[in-house]
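Hi everyone, thanks for coming. Let me put the structure up so that we can look through it together.

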Amino acid sequence: MYLDLNFDALLAQPFFDELVHGAQFSLALFAACWVLAVGLGILLAVVRISGLPFAERAVAIYVSYQRNVPMLAHLFLWYFGISTLLPADVQSWIGLHGGEFIFSTIAIGLYMAAYFSEDIRSGLRSVPGGQTEAARSLGMGFLTSIRYVVLPQAINISLPTFTNHTIVLFKNTSLAMALGAAEMTYAVREVENETFLTYETYIVATVFYLAISLLLMAAGAVAAKRVRLPGH
Amino acid sequence: MKTLTRISTLLLAAGALAWMAPSYADQLADIKAKGVLVCGVMPNVEPMGYMDMSKGVVVGYDVDFCRAVATSLGVKLELKVVSSEARIPELLEKRVDILAAILGYTPARAEQIDYSQAYFASNQILAVKKGSPLKVRDDVAGKRVSTMKGSSNLVLMHREIPTAKMVSYDDAPSAFISMAQGKVDAFVLSEVMLRRFAAKLGDGNSIEILKPAVGVEYWGLGVRKGEPQFLAAVNDALSHLETTGDAQKIFDTWLGPNTLYKMTRDFRVSPIQP
């Protein structure tokens, strides 16, 4: 074994910049995917308990589809498949404005939305029915009672799994590499390919993913404390 | 009982020591003693190294060169499939003796491993969709160009056309499709692969080549550093293949006029000039 690690080369240009850009891309991709996934996830969860049979069924089908097809297949489908159905002008515009980022965001965001919606749904289901009934008897409509009474409790209950899936989402952004998205794993492989500092580059990647994941876990713990409701 | 434990501990320790003891002889002597040359080859790069489904073995241009080296050393050939990312670690960690794995010469790689003489010279070419506004090689300045991950084209393009924005995909078909779909403006690849795509596309009219070539990449067999006898034996074997005409025969078998590549050999086995 040779374990004389050489990090100097990674701190030199152009590799350092490449890794920094990779890290920035990963974080931006994560943020965009998370906003899409959480927003859509909440919407889907609420529709799922709306009592409209057709809408509930549609969400159930959506969730099964997203959860039962591998993420990589979703990425390829959006990037190489669905993108070609767009008008040629739109396609070339997207091509020039970071198609890798856009389609990765859509694919990962839609995929993780299914998981978030299930997290919130299980939270919604564990809020006692009396809460809705009480809210409705006070004269609140369906959406108002969800927004002010049920959803805050549901999110509180589902925060642990929510945090968990946030971390999964963050790590899944590395799959966007397959579409040529220049995120952290892409940058690491590129630098590794040029320097052959295999251990060093993967140590950098490991530390990056570990640090951000731990940060997300800590943020989840803080959030759980902040939103803890009396009696929970 | 206590004695028994002690004895077995001692035996275990002795066994572990014997197992850890490195081989002292040089690699050439080791290979000859074992009677086997373990050669790392690619499993999915036709016609260089790929799985022949009907026979269930890996065959190709690279494989034939490795076999010729083994024959010349008087040992048996054992093939081990490697991936393009892991091929150099596999060599450095002694899981293979030698690499015949489409290994283009780059200075960074040459710091990690030693290269034999070049046994192949690959013209690296830019291709665009037919009708593209790009007409000559240097038109790709500032444009998006696709390639394969782990490919030395990244280094080559960085040197020749530094303003081109490189986008690398997991495999050649993805890189090709992204060009065909207009996600990138051009695709940089070896002439061999280009001819293969053109042949698969039928009339070969849907892509155009931007001239001149971006560069020539010299492929060598890869060996570990610090094994001068082994490297010399490999180089002798390659020179011998050139003089006997066997190198030409291997070329013609896989790439020559009677194959779908229809290429002519415009290089000879010769030392790689950095």
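Some ground rules before that. This is a predicted model, where local features need pLDDT of at least 70 and side-chain atom pairs count only at pLDDT 80 or more, while totals for chains, interfaces and linings use all residues. Residues are numbered from 1 along each chain as its sequence is written, chains are lettered from A and ligands numbered from 1 in the order in which they are written, and side-chain values use heavy atoms, with hydrogens and water left out.

OK, the disulfide. A disulfide is a covalent bond between the sulfur atoms of two cysteines; the rule here asks for a pair of cysteine sulfur atoms within 2.5 Å. Over all chains, that gives a count of 1. The partners are B:Cys39 and B:Cys66, with their sulfurs 2.0 Å apart. This pair links distant parts of the chain, 27 residues apart: B:Cys39 sits in strand E1 (residues 36-41) of chain B and B:Cys66 in helix H3 (residues 61-73) of chain B. Strands (E, at least two residues) and helices (H or I, at least four) are DSSP runs, numbered from the N terminus. The link is right-handed, with 95° about the S-S bond.

So are these cysteines buried or exposed? B:Cys39 is buried, at 0% relative accessibility, and B:Cys66 is buried with a relative accessible area of 0%. Buried means under 20% relative accessible area, exposed means over 50%, and partly exposed is in between (1.4 Å probe, protein chains only).

Next, the rings. Phe, Tyr and Trp (its six-membered ring) pair if their ring centres lie within 6.5 Å; planes under 30 degrees apart are stacked, over 60 edge-to-face, and the rest tilted. There are 26 aromatic pairs over all chains. Take A:Phe80 and B:Tyr169, a tilted pair with 6.2 Å from centre to centre and 45° between the planes. That pair joins two chains, because A:Phe80 is in helix H4 (residues 71-81) of chain A and B:Tyr169 is in strand E9 (residues 165-169) of chain B. Both A:Phe80 and B:Tyr169 are buried. Then look at B:Tyr61 and B:Phe251: their centres are 6.5 Å apart and their planes at 85°, so we call that one edge-to-face. Here B:Tyr61 is in helix H3 of chain B and B:Phe251 in helix H10 (residues 246-255) of chain B, 190 residues apart. Ring pairs also tie these two into a cluster whose members include B:Phe65, B:Tyr119 and B:Trp219.

On to salt bridges, meaning a side-chain nitrogen of Lys or Arg within 4 Å of a carboxyl oxygen of Asp or Glu. B:Asp114 is partly exposed at 21% relative accessibility, and B:Lys225 is partly exposed at 39%. Another joins B:Arg137 and B:Asp138, at 3.3 Å from N to O. In that one, B:Arg137 is buried at 12%, whereas B:Asp138 is partly exposed at 47%. And in chain A, bridges that share partners join A:Arg48, A:Arg67, A:Glu118 and A:Arg121 into one network.

Last stop, A:Ala32. You'll find A:Ala32 in helix H2 (residues 15-48) of chain A, partly exposed at 25%. Beyond its neighbours within four places in sequence, A:Ala32 is in contact (heavy atoms within 4.5 Å) with A:Phe101 and A:Thr105.
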